[in-house]
Structures are given as C-alpha cells and as structure tokens.
Amino acid sequence: MKIDDIKREFPIFDDKIQNNDLVYLDSANSSQKPRVVVDRIYDFYTKEFSNVGRSVHYLAVAATNLYEQTRVSVQKYINAKDKDEIVFTKGATEAINLVANTFGQKYLSEGDEVLLTELEHHSNYVPWHFLRKAKNIKIEFAEINDDGEVTLEAIEKKITNKTKIISVSHLSNVTGAILPIKEIVQLAHSKNIPVLIDGCQGAPHLKLDMQDIDCDFYAISGHKMYGPTGIGVLYAKKKWLEDLPPYQGGGGMINEVKKEGITYGELPNKYEAGTMATAQVIAFNESIKFMEKIGIQNIEKHEKELLDYGLEKLRKNNSVNIIGNPKEKGGVISFTIEGVHPHDIATILDEDGVAIRAGHHCCQILHDKLNLPATARASFGVYNTKDDIDKLDEAINKCKKIFNL
Amino acid sequence: MDIKDLYQEIILDHGKNPRNLGKFDNYNKDAKGNNPLCGDNVHVYLRLNENKKVEDIAFEGHGCAISMASASIMTDMVRGKEEKEVKEIVTDFLGMIKEKDSLETNILKDDEKTKLMSLSGVKQYPMRVKCATLSWHTLTSALDNSDQIIKTEE
C-alpha cells in the first residue's frame, strides 16, 4: 500500500465536513477508522453475531474463534511470548486501572512509593491516586527537563528503596517525547521493580517488541490505532497475570462458583469478566492487519517526515511557540500563539476544517509545570500529508489576522 | 455564520484587556468557577453593601477570549446594580445564550444589551457556550454564598 493513497482507505475523508475538506490533526486523541474496520463491525453484526466463549452453537463457536484470532494477532504484533499475555479491556485507561488495582491490592501498603513522571496522562495518575487515598501510598514524579523530555537520570533520581512500581508513558501526548523505556526497564529490573508502560501514543506509531522492551505491563488503546472505541489491551507477563488477583468479577472469569466459595478461570479469562466488546475486538484485528500491511517502519518514516516538515513550517511562523524540543519525538506538535488562547485557536482553525485539540490534553501536572493553562496540539496519523500541514499553517495565519497580530 | 461574528471587535478588546481584572480588599462575597474540560478558571469577588447593591466587583482567572470578555463585560454591567437586578440580568443572559433570540430585561439599557449580545455568537459553537457562561454561573454562586465550586459541565 502506498502511503500517499492511504487517505482513500478512510471513508471520513470522502465527504466534506462543514463544507471543508477535513484536515484531521487530532490522532493523538483518537484516530479515524479505515473502511476495513468499519465494514468488519457491520459484517459481524449482520452476518456473524453471537456472544463468545459460552454457547456451543455454530455462531458462538465461530465468533469465539474470531475473537481469539485478534488475541493472536495482537500477540504477534507486539511480540508477546504467549497469547494468554494479551488481556482485552475497554481501553488503555482500564488496562492501567487493572494493574493499579490488582498490583495495589497485593503489593502496596502504607508508605510505599509509585514512580510516575510529570508528563503522564491523567489515566496514568488518577488510578494511582486512588491507592494514595485508600492505602496511604506515596506518588513520586520524575521531572521533565527544559526540552520536555524525561531522561533515564530523572527516573533514577526518584527511585528509592520504597519504590514498588514504575509507570511511565512511552510517548508523551503533549511534547511528543519518546521515553527511553528499554533503559528504564533495565534500570528498574536491576532493582527488582516492575514497570508499566502507558503505550497509548506508542502503539499507534512505534514498533513494539515486548521481548526487547521487557516491560512487565504495556497498556494499549485500540481507538488510537485505527481501531474501534471501547477496546484496549493490557499486555502483562504471564507471571503477573497468574500472580495478581482478578480485577472485575462476573461471568466468564470463573472456574467454579459455590455458595461457600469461588475459583477463578484460567488466563486470559480471569481478567475478562462479563460480555466483552466482541465486535470491537474482532474489528480490531482489521486495524492490526491494516497497520501490518502498511508496515510500522513505513508509518514511522512517514510520520517523522510530517513532523520534521511541520516543525520547520511552524518554527518559521512568527508568534508560534512550540512546546518542548525532545531529541526523540513522535508526531505531536503542541504550540501556543502569543496573544491567542488555545481554545480560540481551535475554534478558528475548525472554521477551515482543520481539526486540532486545545486544552491541557489530560495532562494538568505537565501544564502546571510548563506554567501554561492550555496548549493547542496538532497530532499526526498515517493519513496526513504535507498539504495538511500547509493548511494548518494557513489557518494559523488567519487566526493571527483575526486577533490583529 | 462567519467566525468574525464570534470574534467581534468588542470581544477581542475585552478579551485582550479585560476590565475589572484582579482582586480588591474589602470584598464580602466570592466564588470560584472551573471549566474542567479545558482548565479555564475564574474567581469572582464582589462587595454587596447594606442596601444589597453591588458596590464593587472584580475577577481573577485565565481563559480564552470568549470567557475573559464575558467576565469583563459582566463585571462592568452589574456594578452599581441591586442583587435582585443582578440575578435578573444573569437569568436573562443565560436564557439568551441557551435559547432566546434577545434579552428581555428592562434593567439594562439598549447599549448595554447590544454589548451583551456581542456574546450571542457562541450559540453557534456549542462547545464554546461554557466559556461564555462560566463567570455568570460563578457570579450567581458568589451571591448565593455557595461554597460549591462551579463547574461548567451540566
């Protein structure tokens, strides 16, 4: 598949949105969906629907097979050792909550420390905050440097003999910084500390190899990977999934239920209580295949080109201030314009069909540190082109004009 | 609708140079308002005298041009008014932003109404309505002595 033709694979770009060609620069928030994914959901509901893992009729068996095929696809895609290390969740948020909850129950007590970073998304802070309230644990934050990066040294500085788990982003959704996660894992493991990686922004854009990274947990969001909403993945080393208690109770996750007591199901069922987002899981397989067909190396290369082009263009645009300057950076450009609030930027850009996000991007700790209440953010996906960036630049100029800059 | 209808000169002016920005010492009512979705916040301070008249009013906070302009125009407009007049203006304004085509209150003069109507452009931008209404909800909260921090998610 040629990278230039990819836009055509996404039905959202077929029609005008509010009389404009859509310039979608909000993929860090959620990506658009290729036709294969949309069609898969329709086909499943119209021709193949059944609940999975329970009944013995034809449709149930076929749906179960499809559901499990996605698990194998994900396993291969991220190079996990075992398909049972892939747990489906409703999103990366639930994946992180699952770890915080179950690891917290078993291994955290008063005075223990959880190490995060200042650039974490709220979904990798709030679940740990629950434990701070419930168990009186402490949360430490590794600091960002002036370039908007978190270095290995910054992590090392905050590790103490009380640190029980480290939970960090793979790629910042604000500064775009790619964290040295492999080195962080090595360092943590040398001190017997497990590591959770919030891979929301990593998985859609970077090559993933769980054997190489060697992290204990990796959280993935399906809807940022050209997949449906309502689906995420928790990768966890098998030893953890066997060791930790179940997260939610319900049907499907049990072995035997008696009045006197309950035994839990085998992996991965132990962590998949209730009817799961079946159609979404099955359609998510198409997202993985779609990305494999393009090739993650090609995706990385394409987005790097867009990033370099975008940075060059916006740096030339007076009064645009780019947030952070990480050496290793993904396809995210957060910026401010002197004299125009980010929400006003977003509204004015939207008038020309340029969809960006404005706000704190669920990273208030980071914005407090940067001393900015909000930023504007353009983020890229496979379907973006240099033309999109030109339109962004033009729309920014219009914005400046309206504000008499 | 043109984007210029939203960003009229008066909005840009009040947004850039908000009137009554800051805090004064002898206030006797105040309240905070947050917009959790975007991180905007406002803190309204006012002094009601023994005749229930707004002797002085000011606000602190940060936000977009719409929210700053709205707070700026609002504080200008309610200074010197009686509490019950202020409440009528607030109700009228919120009604206009939500559904009505015009302002109905007799308390405001025509030029004041024109000034307030400059904010009516946000009606076409549902995500921005909360920017325009945050300071107004916060003013109500201050008058009612409510300790609750106003959030614009309704």
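Select strand 2 (86-89) and strand 8 (residues 232-236) of chain A in this predicted model. The two strands run antiparallel and are joined by four bridges. For one of these pairings, display Val87(A), whose bridge partner in strand 8 of chain A is Leu234(A).

Next, select helix 3 (residues 92-107) of chain A, which packs on the sheet. This helix touches strand 2, strand 5 (163-169), strand 6 (195-198), strand 7 (217-221) and strand 8 of chain A. Its direction makes about 40° with that of strand 8 of chain A.

Now display the whole sheet of chain A. Seven strands form an open sheet with mixed pairing, in the order 2-8-7-6-5-3-4. At its edges lie strand 2 and strand 4 (138-142) of chain A, each of which pairs on one side only. From one strand to the next, the twist averages 20°.

Remain in chain A and select helix 6 (residues 181-190). Which residues of this helix are buried? They are Ile181(A), Ile184(A), Val185(A) and Ala188(A). Viewed down the axis of helix 6 of chain A, these buried residues fall within an arc of 100°, so they line one face of the helix. After helix 6 of chain A comes Asn192(A), whose phi is positive, near 60°.

Turn next to the contact between the chains. Chain B contributes 15 residues and chain A contributes 15 residues. On the side of chain B that touches chain A, nine residues are nonpolar, three are polar and three are charged.

Finally, select helix 4 (residues 83-98) of chain B. At 1.5 Å a residue, its 16 residues should span 22 Å, and this agrees with its end C-alpha atoms, which are 22 Å apart. Display Val86(B), Ile89(B), Asp92(B), Phe93(B) and Met96(B), which are buried in this helix. Seen down the axis of helix 4 of chain B, the buried residues fall within an arc of 130° and therefore line one face of the helix. They pack against strand 3 (54-62), helix 3 (65-78), helix 5 (110-117) and helix 6 (129-143) of chain B. What is found on the other side of helix 4 of chain B? Lys84(B) and Lys98(B) are exposed there.

Notes
Residues numbered from 1 in each chain as written. Chains lettered and ligands numbered in written order. Predicted model: local features only at pLDDT ≥ 70, side-chain atom pairs only at ≥ 80, totals over all residues. Pairing = 2+ DSSP bridges. Axes fitted to C-alpha atoms, helices over the stretch in contact; angles between N-to-C directions. Contact = placed C-beta atoms within 7 Å. Nonpolar A, V, L, I, M, F, W, Y, C, P; charged D, E, K, R; others polar. Expected span 1.5 Å × (residues − 1). Buried ≥ 20, exposed ≤ 12 C-beta atoms within 10 Å, placed from the backbone. Arc of directions from axis to C-beta.
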